[in-house]
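Reader: Could you take me through this structure, one topic at a time?

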Amino acid sequence: MEVGDKVTAGQKIAKINDSVVRSQLTEALIALQIQQEQLDLKRRKWDALKPEEKEAAKLTVESARATTWTLQKQLKKNIVYAPVDGIITKKYLEEGEMASMATPIVSVSGEKGFEIKANIPESDINKIKIGQKGQSTFDAFLSDEIFEFEVTKIEPAATIIQDVVYYEVTFKILTQDNRIKSGMSTDIDILTAEKKDVLAVSNQAIKNDEGNRYVEVLEVKDEVKTTKKVNVKAGLRGDDGMTEIISGLNGGEDVITFTKEAK
């Protein structure tokens with residue numbers, strides 16, 4: 001396989017030299033046979049053996065059998081298959097070079113489009129659902145070039161990064177662009193909830209008094225300006241610095257965002 005070659009899902013990409021594993025398996029099978037024969041001999045005088053001697057004889061055979069199973073499984077994994085339909089974009093090893101679990105053999109770019117993988121902290125993971133839409137920008141492009149994506153997978157197992165719990169989430173890029181390359185960095189915004197035509201105020205306008213949220217409303221009477229404290233119930237908090245007001249305000253009020261003391 002060379003860079004630029006097309007592959008289909010399930011196609012053999014490489015075969016790992018398994019001569020060492022096969023040699024180890026041969027030795028393991030011989031060892032298993034010897035241990036089994038010794039156990040058979042001991043069974044002829046089984047009643048004369050102590051309980052711990054019987055257990056040790058059986059454990060020796062089970063250990064030898066487990067070794068052969070492990071090596072047999074390794075032999076089945078000596079062929080590397082393409083995970084998806086795509087094109088080989090990078091080749092890391094040449095024929096005859098040493099491979100390891102930490103070293104990739106090739107990179108395959110899927111023909112069905114690129115995916116974004118991101119680690120979401122546990123405090124936010126419950127807000128993420130399969131099928132949610134969002135937008136992303138790439139560091140390599142202009143900041144006003146927006147790319148649409150969709151959540152396609154949420155890993156159930158946690159990943160610990162610097163003592164913080166994260167969950168890996170996969171996003172499918174819906175906007176096709178030939179400039180996108182594997183390994184590019186991107187910033188993503190996930191739309192976890194959406195409401196239209198709602199009453200909203202600046203986040204800075206909402207204050208808290210022993211668990212009760214309120215805003216200050218400007219009132220003018222006889223050219224005298226005063227402020228009035230109005231309890232409110234807040235809803236969704238947007239990324240644009242605004243928070244939905246479910247109750248407490250009717251709309252049209254002059255809500256005070258901040259005050260400045262006169263000198």
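Author: The turns below go through the domains, a helix, the strands, the aromatic rings and one glutamate.

Reader: Before we start, what sort of model is it?
Author: It is a predicted model, in which local features need pLDDT of at least 70, side-chain atom pairs count only at pLDDT 80 or more, and totals for chains, interfaces and linings use all residues. Residues are numbered from 1 along each chain as its sequence is written, and side-chain values use heavy atoms, with hydrogens and water left out.

Reader: Into which domains is the chain divided?
Author: The division is into domain 1 (5–91), domain 2 (113–190) and domain 3 (194–262), with bounds that come from an automatic or database domain assignment. Between domain 1 and domain 2, the C-alpha centres are 39 Å apart.

Reader: Now helix H2. What span should it have, and what do its ends give?
Author: H2 covers residues 51–76, and its 26 residues should span 38 Å at 1.5 Å a residue; the expected span is 1.5 Å times one less than the number of residues. The end C-alpha atoms lie 38 Å apart, which agrees. Helices here are DSSP runs of H or I with at least four residues, strands are runs of E with at least two, and both are numbered from the N terminus.

Reader: Which residues of H2 are buried?
Author: They are Ala57, Val61, Ala64, Thr68, Leu71 and Leu75. Buried means under 20% relative accessible area, with exposed over 50% and partly exposed in between, for a 1.4 Å probe and protein chains only. Helix H1 (19–43) is among the elements that cover these residues, where contact means heavy atoms within 4.5 Å.

Reader: Changing topic: to which strands is S7 joined?
Author: Strand S7 (residues 133–138) runs antiparallel to strand S8 (residues 147–161), with four bridges between them, and antiparallel to strand S10 (residues 186–190), with five bridges. Strands pair if DSSP finds at least two bridges between them. On the S8 side, Gln135 stands opposite Glu148; on the S10 side, Thr137 stands opposite Asp187.

Reader: And how many bridges join S8 to S9?
Author: Nine bridges join these antiparallel strands, and Val151 of S8 faces Phe171 of S9. The S8 and S9 hairpin has two residues between the strands, and Gln162 there takes a positive phi near 50 degrees. Strand S9 (residues 164–173) also pairs with strand S6 (residues 115–121), antiparallel over seven bridges, and there Phe171 is the bridge partner of Ile116.

Reader: How many aromatic pairs does the structure hold?
Author: It holds four. Rings of Phe, Tyr and Trp (its six-membered ring) pair if their centres lie within 6.5 Å; planes under 30 degrees apart count as stacked, over 60 as edge-to-face and the rest as tilted. Phe138 and Phe141 have ring centres 5.6 Å apart and planes at 55 degrees, so this pair is tilted. Phe138 and Phe147 have centres 5.1 Å apart and planes at 85 degrees, so that pair is edge-to-face.

Reader: Lastly, where is Glu244, and what does its side chain join?
Author: Glu244 is in strand S16 (residues 242–247) and is buried, with a relative accessible area of 10%. Its side chain makes a polar contact of 3.3 Å with that of Lys195. Such a contact is a pair of N or O atoms within 3.5 Å; within protein, one must be able to donate a hydrogen and the other to accept it, and residues adjacent in sequence count only if both atoms are side-chain atoms.
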